[in-house]
Amino acid sequence: MFFKQFYDNHLSQASYLIGCQRTGEAMIIDPIRDLTNYMEVAENEGFTITQAAETHIHADFASGIRDVAEKLDAKIYVSGESNDELSYKNMPKQTHFVKNYDVIYIGNIKLEVLHTPGHTPESISFLLTDEGGGSSVPMGLFSGDFIFVGDIGRPDLLEKSVQMKGSTEIGAKQMYQSIKNAKDLPDYIQIWPGHGAGSPCGKTLGAVPMSTLGYEKINNWAFNVTDEAIFIETLTSNQPAPPHHFAQMKKINQFGMNLYQPYNVYPSTNDERLGIDIRSKEAFHGGHTKGTINIPYNNNFINQIGWYLDFYEDIDLIGDKSTVEQARHTLQLIGFENVSGYRLPKSEVQTQSIYSAEMTGEEEYVLDVRNHEEWDNGHLEQAVNIPHGKLLNEEIPFEKNDKIYVHCQSGVRSSIATGILEYKGFTNVVNVREGYQDLPSSLK
């Protein structure tokens, strides 16, 4: 049997290619839109991709399951464990809707479908047995967003992203039962999760790429809380706010979108269009075009820019052409294809920036852009709290010429907020670049 994990650092997402070396058939599990890497590996290893499967309707990236069907003429397998309102729509003719205990074969590799609801109602996992290798016992579980290393999938995205009232509690109860059922599986099976550290699909995902069920039974909190009420409270509390693009991802992945196709980005001179400066915050504060928003192109790029994207509006990216092309590709992986152009950086604005220790505590206008949980754990008395992801669309309670001190916890989100305030017409913004964590204790 052939096995390979593909990990996208920008999405914190894992997908897999498995192949039967006797028959030359291969399957992709949870593919992204750009199939290039899967196809290159399959060709180099002598496989033909004949099938693909998906664990659930994703909320954090645009699925490539339809691309596999249409571009590779492959059979695809998706969950049939959902009511009509939440089920897959507009699927290709070679789609198979599978349910609990259904079996799929890739040559001599057996996948047994397990319905594991909780993260979403239709979520399924795939239990793999390498029969071609002579095994009669399972090797591992493609767990999708069911079991992660150190955590489990959150149940609140349907309610928070697509406003399905009451779905969080229902999902949490389903997850409790799914974890209870999983305890009956052998300890030795490997866990091949859909995400790792940095994903907003859970709270405490580990950075290790895979685990074993036995290890998770000992170390994963979800397997060690036996009281259902405590389990539900632990699972649903303090989940990070999902970026705005999650709602669009659910729609794209349920109903479909155009097939993936790279496109070129050309120089732009349109300063009226929203500009996202993808350089480092240090470069941005050294000088930038007034009114542009700084979201550095790093591993946290998608989690940050997802708050500000309107999928019906064009944007420009600001940076060198090579990095812009990489960012354009990454944005396509969440279904955003409206990068209209790119601009080279300018240095016409020198943004004010101060060291936190220089604050006296008497500053009149302070904007705290941390999340509500951070705010509740301590804040400056005179500060106003608006989480950075809401700044673009909310009323800012200051005058345009007020000297506004903006801070987050460590200086990253306040850098983004500085550009947003300039974009909204504020003229005297001070970025507290070390953030709340380095303010003198006397000010807190």
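**Exercise 1. Trace the ring cluster that contains W192.**

Solution. Ring pairs join F3, Y16, F142 and W192 into a cluster. This is a predicted model, in which local features need pLDDT of at least 70, side-chain atom pairs count only at pLDDT 80 or more, and totals for chains, interfaces and linings use all residues. Residues are numbered from 1 along each chain as its sequence is written, and side-chain values use heavy atoms, with hydrogens and water left out.

Step 1: apply the pair rule. Rings of Phe, Tyr and Trp (its six-membered ring) pair if their centres lie within 6.5 Å; planes under 30 degrees apart are stacked, over 60 edge-to-face, and the rest tilted. The structure holds 12 aromatic pairs.

Step 2: take F3 and W192. Their ring centres are 4.8 Å apart and their planes meet at 45°, so this pair is tilted. F3 belongs to strand β1 (residues 2-8) and W192 to strand β11 (residues 190-193), 189 residues apart, so the pair links distant parts of the chain. Strands (E, at least two residues) and helices (H or I, at least four) are DSSP runs numbered from the N terminus.

Step 3: take F142 and W192. Here the centres are 4.6 Å apart with planes at 45°, so the pair is again tilted. F142 is in strand β10 (residues 140-144), 50 residues from W192.

Step 4: check burial. Buried means under 20% relative accessible area, exposed over 50%, and partly exposed in between (1.4 Å probe, protein chains only). W192 is buried at 1%, F142 is buried at 1%, and F3 is partly exposed at 26%.

**Exercise 2. Are S12 and Q163 buried or exposed?**

Solution. S12 is buried, with a relative accessible area of 4%.

Step 1: Q163 is exposed, with a relative accessible area of 60%.

**Exercise 3. Find the charged ends that sit over rings.**

Solution. Step 1: state the test. NZ of Lys or CZ of Arg must be within 6 Å of the ring centre and within 35 degrees of the ring normal.

Step 1: list cases. K4 lies over the face of F6, 5.6 Å from the ring centre. The charged end of R328 sits over the ring of Y263, at 5.4 Å from its centre.

**Exercise 4. How many residues has the largest nonpolar core?**

Solution. Step 1: define the set. A nonpolar core is a set of buried Ala, Val, Leu, Ile, Met, Phe, Trp, Tyr and Cys residues joined through side-chain atoms within 4.5 Å.

Step 1: count. The largest one has 68 residues, and those with the most contacts inside it include I276, I315 and L331. Its largest share, four residues, comes from helix α12 (residues 412-423).

Step 2: inspect I315. Leaving out residues up to four places away in sequence, I315 touches, among others, I276, L331 and F336. Contact means heavy atoms within 4.5 Å.

Step 3: look elsewhere. Another core, of 22 residues, lies apart from the largest one and includes L114, L141, I152 and W221.
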